[in-house]
Amino acid sequence: MAITSANQLELLQTAEAVAREKMIDPDLVIQAMEESLARAAKSRYGAELDIRVAIDRRTGRATFTRVRTVVADDEVENYQAQMNVKDAKAHLADPKIGDEIIDEVPPVDLGRIAAQSAKQVILQKVREAERDRQYEEFKDRKGTIINGQVKREEYGNIIVDIGRGEAILRRNEKIGRESYRPNDRIRCYIKDVRREARGPQVFLSRTDPQFMAELFKMEVPEIYDNIIEIKAVARDPGSRAKIAVISYDNSIDPVGACVGMRGSRVQAVVNELQGEKIDIIPWNEDQATFLVNALQPAEVSKVVIDEEAGKIEVVVPDEQLSLAIGRRGQNVRLASQLTGLDIDIVTETDESARRQAEFAERTGLFMETLDIDEMMAQLLVAEGFVTLEEVAYVDADELLSIDGFDEATAGELQTRAREYLEAANLKAIEAAKALGIEDSLMNFEGLTPQMLEALAKDGIKTLEDFATCADWELAGGWTTEKGVRVKDEGVLEKFDVSLEEAQNLVMTARVMLGWVDPTELESDEEDDADDHEEDEA
């Protein structure tokens, strides 16, 4: 195929037609043509030549040029595409390194093979331009809902036509056992848009919790106008869901607005989600109140929060246990997802039995260590005394406030408690020394004799050993393995040492050893304080 005046305009017409069909810039198609013609010319004149082609955007005339670049004498590697400064003087008046010598060469006739090669280059460039266009179009639509048409099914995955491209709805992103036929209309949530080797991939979902949130945004104008905000969503796709909402206008009930007149708004969402039952819950800043709401329709008697462990214990009436847990644990699981806490549900009977066991255990402790009768030990526990240290070092007036306790009784109790603790401390120190603990750790402030004994049993015998410990190794903590929270027991956990206290002890040891500069520590604390003040502001 020779490029003659007869088919010069045809090049431009072809470029415009391809650009319109693929919805890309016509200039990209022309650039692809220029590259393909240059490749064909190289096969005719020689691959080592630098042949370039420019197509006039108005007339369609293709100009073929040979380019030689001026380089230093010792850098000439390809004599067909490079020229030193001395030789370049024959072509340029004042040649400099980097200048180009351009000579026009005759157009080439494209043989069958060259024409096929040119076609492949054009198609490749057009495909790349199409992919870029599709990625740019959909990357900003991530997190929104899109309507599409089912094209086909591949191994359980649905290929969806979304107008200017295709998207994929994976098998595990479908609700329950949804099935679709070609040409069915489908509404999905754009979960992710990624640029991959085969082009941009648009991943859809109908099970993502945010799909339900976006559906409510479409159905409830107050959410779209930011009068009502969706604070949390939890779903068991196709079965049940919980959504927590808050209103920033006191005159608008967030739950009522989401339900709509006679349930019209929530019913529209339910229908789209294949009959998924939706609990709409008022969000509350108070964690305990929010949890009570989240466990609806079950009634809650009491909530106990362990913030450090990230766990929460909920006490419910005996007859409400099955309702609170839900079928196959569904209700408590969704409430846990909504609040972000691990929830333990116990009945009032179980909690009462546990408290009675704790009461009996503490009573026995005081009876044994203080050599008192059961009645007196029960009075101490009933007044809130938990440990022997509290009895030994509490203000005497607190003991005198207990019915039947006089000054002599209170004084005798405190004497017995202190003597017992001193004997226990002496025994713990001797045990720690027998295990080989060194004076550097024995003299470290902040550790009790019992703590020293526990550390020595765990092989921590020097200040250096202690300084290498992590805070969670001392205070204990929680890790998540395969989605399940697992408890890590700490060496000093039974002594109620918090993570913050453990961290302070370890950092103090590191400062004493010279491992950490105390001035750097102070600057870090100041930065943390500044950050905290900014957060509060």
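Q: Before we start, what counts as a helix?
A: A helix is a DSSP run of H or I with at least four residues, and helices are numbered from the N terminus. This is a predicted model.

Q: OK. How many helices and strands are in the chain?
A: The chain has 22 helices and 17 strands.

Q: And what share of the residues counts as buried?
A: Of the 537 residues, 40% count as buried. Among contacts with a separation of 6 or more, 54% are between residues 24 or more positions apart.

Q: Now the largest pocket. What is its volume?
A: The volume of the largest pocket is about 950 Å³. It is lined by 25 residues, and the closest to the centre are Glu-389, Leu-421, Gln-450, Lys-494 and Phe-495.

Q: Which helices supply at least two residues of that lining?
A: α12 (348-370), α14 (388-393), α16 (407-434) and α18 (449-457) each do. The largest share comes from α16, with six residues.

Q: How does the lining divide into nonpolar, polar and charged?
A: The lining of the largest pocket has 11 nonpolar residues, five polar and nine charged.

Q: Switching to the largest nonpolar core. Which residues touch the most other members?
A: Leu-441, Phe-444, Leu-447, Leu-455, Phe-466, Leu-474 and Leu-492 do, out of 25 residues in the largest nonpolar core. At least two residues of this core come from each of α17 (439-442), α18, α19 (463-467), α20 (471-475) and α21 (499-512). The most come from α18, which gives five.

Q: What is Phe-444 in contact with, leaving aside neighbours within four places in sequence?
A: Phe-444 is in contact with Leu-463, Phe-466, Leu-505, Thr-508, Ala-509 and Met-512. Another core, of 24 residues, lies apart from the largest one and includes Phe-211, Met-212, Ala-213 and Ile-243.

Q: Back to Leu-492. Where is it found?
A: Leu-492 is in the loop between β17 (484-488) and α21.

Q: Is Leu-492 buried or exposed, and why?
A: Leu-492 counts as buried because its relative accessibility is 0%, and the cut-off for buried is under 20%. Leaving aside neighbours within four places in sequence, Leu-492 is in contact with Leu-447, Met-451, Leu-455, Leu-474 and Val-497. Its C-alpha atom is separated by 7.8 Å from that of Gly-476, which is 16 residues away along the chain.

Q: Strands next. How do β10 and β11 run?
A: β10 (residues 228-236) and β11 (residues 240-247) run antiparallel and are joined by eight bridges. Ile-230 has Val-245 in β11 as its bridge partner. The hairpin has three residues between the strands, and Gly-238 takes a positive phi near 85 degrees.

Q: Why does Tyr-155 count as exposed?
A: Tyr-155 counts as exposed because its relative accessibility is 75%, and exposed means over 50%. Arg-328 is exposed as well, with a relative accessible area of 80%.

Q: Last one: where is the cis peptide bond?
A: A cis peptide bond joins Gln-296 and Pro-297, with omega about 10 degrees. Pro-297 is in the loop between α9 (287-294) and β13 (302-306).

Terms used: Residues numbered from 1 in each chain as written. Predicted model: local features only at pLDDT ≥ 70, side-chain atom pairs only at ≥ 80, totals over all residues. Heavy atoms only, no water. 1 Å grid on protein atoms, 1.4 Å probe; cavity = no way out; pocket = protein on both sides within 12 Å on 5 of 7 lines; lining within 4 Å. Points joined across faces, edges and corners; volume = space filled by probe spheres on them. Nonpolar A, V, L, I, M, F, W, Y, C, P; charged D, E, K, R; others polar. Pairing = 2+ DSSP bridges. Core = buried A, V, L, I, M, F, W, Y, C linked by side-chain atoms within 4.5 Å. Buried < 20%, exposed > 50% of the residue type's maximum accessible area, 1.4 Å probe, protein only. Contact = heavy atoms within 4.5 Å.
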